[in-house]
Amino acid sequence: MSSRQIIELVIFVIYLLFMLGIGFWFFIRDKKENNTGEKTYFLGGRKMGAWVAALSAGASDMSGWVLMGLPASIYALGVGQIWISAGLAIGYTLSWIFEARRLRKFSIVSDDSITIPQYLTNRFKSKSRSLQLICAVVFLVAYTVYAASSVKACGTLFEKVLGIDPKISMIAAAVIIVGYTFLGGYSAVCWTDFFQGMLILGAMLLAPIFSLVAMGDLSAYPITGSGAENYWNAFGDWKAIVSGLGWGLGYFGMPHIIVRFMSLKSDKELKKSRKIGISWTVIIVILAAFIGIASRMYLGFDQEISDAGKPFIEMVDRIFPAAIAGLLLSAVLAASMSTADSQLLAASSAFSSDVYKPIIKKGKVSDKGMMWVGRIVVVAVAVVALIIALAPGTGTIMSLVENAWGVFGAAFGPAIMLSLFWKRFNYQGAVAGIVVGAAVDIALCALALTGTFDTGIYEIIPGTAAGLIAAVVTTLCTKAPTQEVEELFDAAVAYED
């Protein structure tokens, strides 16, 4: 290992130990203050402030794909891929404006719900647990795939920068992520995400700026290689435009992101958090697109860089001295870990609160017992995600994220939004919307992967449309909600801190 690699490794290790230290701090604090309830472990006791909630929501969204997958897509395919950035910016903004405040109020009024499946069940005053069970299954499957993409990004980083076997680095990253999530729960996840969000923003600001300085005369760096003739054409393929904008639909049903809305301690903090969150994410997706373009100009086209999702890593490693490069490349770890921890916790809460406690134990389990079940599930999901990441032929980082993102958006987006804005919406409609949305998305994805049938459009769009239609039609064809459910809706709309 060279002296440069040793310096970068030392910085990575310091960074990882800092993240693990946060988990230990919250574990000791909660134990000392006897904060051992599931509400504390899975939702931070609804005590999150504006900055922490906003940057945590953003960082948990922007996994390794924002520094690897998206820039690599623009690096290889051209500026037509910037519609993904546009879709994400629009979708995230709309979710904060129209969904955040109502979801927080509705979750409080709905028996102080701490998970999305729990909220959807309590919202309709239902004694049936079928919806929670269905949601938990979708959570466990999709989050395992999603977390695998983050673990895979860590392996790619260590292999490229340090020459370490990616399998070893994936295992090490998984152990660190599980460590602080296992110990500190939601509070540790949010605070690590806060610091990681700041690091991601700093790295994404510095890298493209210094690449421009390094290039100097941009005319000396023409676009060459694969797809060069259409590289600057942003309007060449209407399907790419529609699919890119369709990414924004995912935000309305992304549990590990929208649960941050529920955790805010007051409406005042939510309004402040909205401004911070929207600003951070819009800047991030713009910079991701810029990194893709700058790296194509600076590095030229290289198929290996494209396939491995390494334009950002390669550019930073060539431009900056070892100490600065190590710090900036830690942003890849930050992006990957900040999403993986949230996904592990969301999957854990889905099983513990929505399956184990109400269905398996029939409510006969202590708060301390719930915390330990949650911790065990965190480890189990991480192990399966690691197996997927280590397996050959599992796809690129971007494709793994795309698949999981589509399932969540199509399944939960329509049901959650209808529950917040339609008084007539009922339990049967929510079940139908989630099942149909997920089924259509998964079916179209499977058909495209096998080459049987491909619309050429991101499957989240027809999946969301199918879920919305199923939810509305089923609601109108079944009994209206009871007076008690309608009164809950009115109380949630009128709720004020």
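The structure is a predicted model, in which local features need pLDDT of at least 70 and side-chain atom pairs count only at pLDDT 80 or more, while totals for chains, interfaces and linings use all residues. Residues are numbered from 1 along each chain as its sequence is written, and side-chain values use heavy atoms, with hydrogens and water left out.

The mean pLDDT (the predictor's confidence in each residue, from 0 to 100) of the protein is 87, and 95% of its residues reach 70 or more. Helices are DSSP runs of H or I with at least four residues, numbered from the N terminus. Confidence is lowest in helix H2 (residues 38–43), where the mean is 56, and highest in helix H18 (residues 460–477), at 98. Where pLDDT is low, the predicted coordinates should not be read in detail.

Helix H5 (residues 82–109) packs against helix H6 (residues 116–123) at an angle of about 65°, with the axes 9 Å apart. Axes are lines fitted to C-alpha atoms over the stretch in contact, and angles run from 0 to 180 degrees between N-to-C directions. H5 is therefore roughly perpendicular to H6, a class that covers 65 to 115 degrees; angles under 35 count as roughly parallel, over 145 as roughly antiparallel and the rest as oblique. The crossing of H5 and H6 is left-handed, meaning that the near helix is turned anticlockwise from the far one by less than a right angle. In this contact (heavy atoms within 4.5 Å), Leu103, Phe106 and Ser107 of H5 meet Ile116, Tyr119 and Arg123 of H6. By class, these residues are 4 nonpolar, 1 polar and 1 charged.

The axes of helix H11 (residues 267–299) and helix H13 (residues 311–319) come within 9 Å and cross at roughly 55°, so H11 is oblique to H13. This crossing is also left-handed. On the H11 side, the residues in contact are Ile291, Ala294, Ser295, Tyr298 and Leu299; on the H13 side they are Pro311, Phe312, Glu314, Met315, Arg318 and Ile319. The contact of H11 with H13 holds 8 nonpolar, 1 polar and 2 charged residues.

Tyr427 lies in helix H17 (residues 427–450). With a relative accessible area of 12%, Tyr427 is buried (under 20%; exposed is over 50%, and partly exposed in between, with a 1.4 Å probe and protein chains only). Leaving aside residues up to four places away in sequence, Tyr427 touches Thr121, Phe124, Ser126, Ser128, Arg129, Ser130 and Leu131. Gly21, in helix H1 (residues 3–32), is partly exposed, at 33% relative accessibility. Gly21 and Thr192 are 171 residues apart in sequence, and their C-alpha atoms are 9.7 Å apart in space.

How values were computed:
Helices (H or I, at least four residues) and strands (E, at least two) are DSSP runs, numbered from the N terminus. Ala, Val, Leu, Ile, Met, Phe, Trp, Tyr, Cys and Pro count as nonpolar, Asp, Glu, Lys and Arg as charged, and the others, Gly among them, as polar.
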